[in-house]
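Here's a quick tour of some helix packing and ring contacts. Have a look at the model first, then read on.

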Amino acid sequence: MASYPYFKWTAPRAAHFKDSYLDWSRLLTKRADALHPARPDGGTDYEPIFIRLLGDTPEAARTAFKAAVAQDSTLLMDPHEAQALDARIDDPNMLSGVPDEYALYRRVGTPDTQHAALFEVLDTGVPIRLDDTPSAPGPKSSPQSATHSPGTPIVAIIDDGIGFLNQRFRRGTETRFHAIWLQALESRSAEGGVLSGLVLNADDIEPLLAERETKVYGALDTYLNSPIGRVSRAHGTHVLDLAAGADPNSGDPVADWPLLAVQLPAETVDDTSGVWFESYVLQGLRWILRQAASVDPSAPVIVNLSLGVSAGPKDGSRFVECQLAREAERWEAATGQPVRLVWSFGNGYRADLNARWELPGSAEVTVRALPDDMTSSYVELHLRDAASSALSLNITTPDGTASGPLSVAEGEVCSLENAHGDVVARLYHQPSRDQGEGVVEAAHYVLAFAPTVARKTGEPVAPPGAWTIAAEADVPGELLVQIQRDDSLPGSALRGRQAHFDHAGSYDWNAFTADYTRPGPNGPVCRDGSHNALCTAQARQVVTVGAAMYTGRLAGQTPENYEPAVYTAQGASWGLVGPTVSAPVEIGRASGGMAATGLLSGQRARIGGTSAAAGRVTRALALSAGRLQENLFKSESTQLDDFDPDVLDLFAVPDTQADRLGAYVVVPLPARSKAQTETA
């Protein structure tokens with residue numbers, strides 16, 4: 001009897017996809033729905049899109065767009081974006097010079113050509129399913145009230161697990177939150193648009209402060225159908241405490257800082273590839289900036305973004321990072337309100353998720369796909385200084401099924417099918433994408449793997465084990481290969497297991513850890529470029545933060561006592577050379593990070609990583625608020641000029657460590673009460 005291979009590679013074919021991650025996610029979702037119908041009552045799929053209006057005049061374009069949304073069932077809008085549109089219609093001079101760009105939702109399958117006269121689509125997000133019947137109207141937000149002292153900085157955060165009732169975020173018996181947007185997966189609103197969760201303003205929060213915190217969070221869990229109150233999901237609470245937490249009765253000036261927050265849907269954060277939360281983060285920042293103007297239109301607003309992914313172009317051309325930087329830059333220029341985005345630099349220094357080669361020639365590396373991985377895995381291949389079409393690939397599965405040399409044109413895919421014809425892996429040649437204003441994301445390859453274990457009976461899986469990627473090109477260039485983040489967060493319902501690179505030249509002696517885990521010079525696996533792929537957009541308003549460790553080898557606070565934390569990422573000469581600055585979050589190798597409040601008042605936890613460092617630098621920038629306002633009028637100023645040495649210790653970093661620590665290790669000086677400040 002003849003034997004047949006269990007897997008086979010298909011020939012390259014043209015495919016209609018805008019984003020390889022979205023296309024792969026859509027394939028798996030549709031397949032799972034066919035096997036296990038999730039909503040027998042139906043529903044319609046809509047995709048979040050971000051658009052720029054077209055037309056002869058902005059006034060006419062806005063009016064025509066509003067009419068189209070009201071009349072066209074293929075388009076739906078979130079109330080926050082609708083209010084922003086109405087505000088610009090009512091005041092044509094508002095945000096003068098800022099392009100008319102909006103987030104909305106479009107029925108899946110609607111071609112771009114259907115609305116080509118109205119707008120151009122800049123980006124598309126993960127589709128969501130909306131019930132055809134609108135959900136019951138939710139509670140209306142109370143009118144906003146002032147929750148600040150004039151002239152104080154505004155601290156904001158976009159994260160998961162934000163304990164907004166915590167005493168560390170109160171002033172006396174009052175909340176310091178001007179507003180928080182508790183995002184959730186969307187539903188239809190009775191008014192005909194889309195709702196994503198619930199906004200609570202200060203007057204909504206005040207009565208809740210007298211309630212038991214667990215009771216309030218539990219009720220919101222039920223209402224939003226999202227696990228926002230899970231104690232294991234308190235990342236945003238920890239970071240916000242380091243950024244702006246204070247004893248409400250201490251007299252600490254920090255207790256006067258007004259707060260804004262966007263809590264991302266838990267499901268989107270569980271997807272650590274980042275593809276799902278991008279549209280929510282972008283909408284969240286736009287909402288924060290509009291809210292900040294209502295708090296104090298001249299006060300600096302510092303937004304913490306302790307989020308990240310491991311793979312990407314890492315040259316500022318990924319849409320979400322590029323657009324977030326633009327939103328901050330444009331808002332500051334149009335309104336005169338200083339804005340800073342504080343990004344964590346990343347914790348992937350030792351994760352073995354990066355490899356690179358100098359071409360021409362050939363290269364080969366192994367990807368270890370782990371068993372029992374319930375999430376998709378992705379590998380990105382970027383050929384710098386040459387067209388990606390010059391690259392020939394040969395991919396071999398763990399059972400030895402080789403694709404043979406592949407020449408896949410831009411916009412084409414090549415799939416790995418099992419014996420039943422189910423696609424379990426796919427190679428995409430992602431076409432280049434023009435992000436506008438001279439920013440172009442170059443064409444590149446993405447290799448996507450299905451989970452290696454089925455979440456539900458019958459779902460096809462990819463084989464775990466050693467996948468070999470061989471590449472060859474006859475042109476000079478640098479090939480960067482990166483594995484996307486694919487682990488599980490605490491409390492996640494998904495069990496993700498991080499794939500990693502393997503190579504014979506990757507096991508040199510590591511004196512720090514006393515084992516053979518350091519990538520050697522004779523292999524492609526490397527640590528440069530291991531930083532967060534979302535923080536590389538270059539803008540005056542963007543600050544990136546690494547994590548430092550205090551060694552205490554010498555007496556007192558000296559620069560020599562600081563070195564990179566063992567996990568903090570490394571920049572690269574070909575992209576972001578290093579973080580802007582860093583902050584100490586570790587004392588010795590086994591400290592476990594900084595102490596911070598837990599989700600509930602009175603709880604304590606320790607948080608490490610560059611998230612903690614970004615929280616501390618967020619506080620440092622808020623303490624330096626006066627400098628941010630002064631630098632608004634100094635076109636030659638840099639991010640380093642924002643840090644006020646009168647309230648901060650700034651320890652210069654030697655050049656040998658700048659690619660992991662930046663220019664300075666930033667340490668806020670001990671806080672002084674109002675009385676102490678006035679006396680001084």
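Helix α3 (residues 79-90) and helix α8 (residues 278-295) have axes that come within 10 Å and cross at roughly 50°. The crossing of α3 past α8 is left-handed. On the α3 side, the contact (heavy atoms within 4.5 Å) uses His-80, Glu-81 and Ala-84, while α8 brings Gln-283, Arg-286, Trp-287 and Arg-290.

This is a predicted model, where local features need pLDDT of at least 70, side-chain atom pairs count only at pLDDT 80 or more, and totals for chains, interfaces and linings use all residues. Residues are numbered from 1 along each chain as its sequence is written, and side-chain values use heavy atoms, with hydrogens and water left out.

Now the rings. Aromatic rings pair if their centres lie within 6.5 Å, with planes under 30 degrees apart called stacked, over 60 edge-to-face and the rest tilted. The count comes to 13 aromatic pairs. Two edge-to-face ones are these:

| Pair | Centre to centre | Angle between planes |
|---|---|---|
| Tyr-6 and Phe-7 | 4.9 Å | 90° |
| Phe-169 and Phe-177 | 6.0 Å | 85° |

Phe-7 is buried at 8% relative accessibility, whereas Tyr-6 is partly exposed at 44% (buried is under 20%, exposed over 50%, partly exposed in between; 1.4 Å probe, protein chains only). Phe-169 and Phe-177 are both buried. Elsewhere, Phe-65, Tyr-102 and Phe-119 make up one aromatic cluster.

Key
Axes are lines fitted to C-alpha atoms, for helices over the stretch in contact, and angles run from 0 to 180 degrees between N-to-C directions. Helices (H or I, at least four residues) and strands (E, at least two) are DSSP runs, numbered from the N terminus. A crossing is left-handed if the near helix is turned anticlockwise from the far one by less than a right angle, and right-handed if clockwise.
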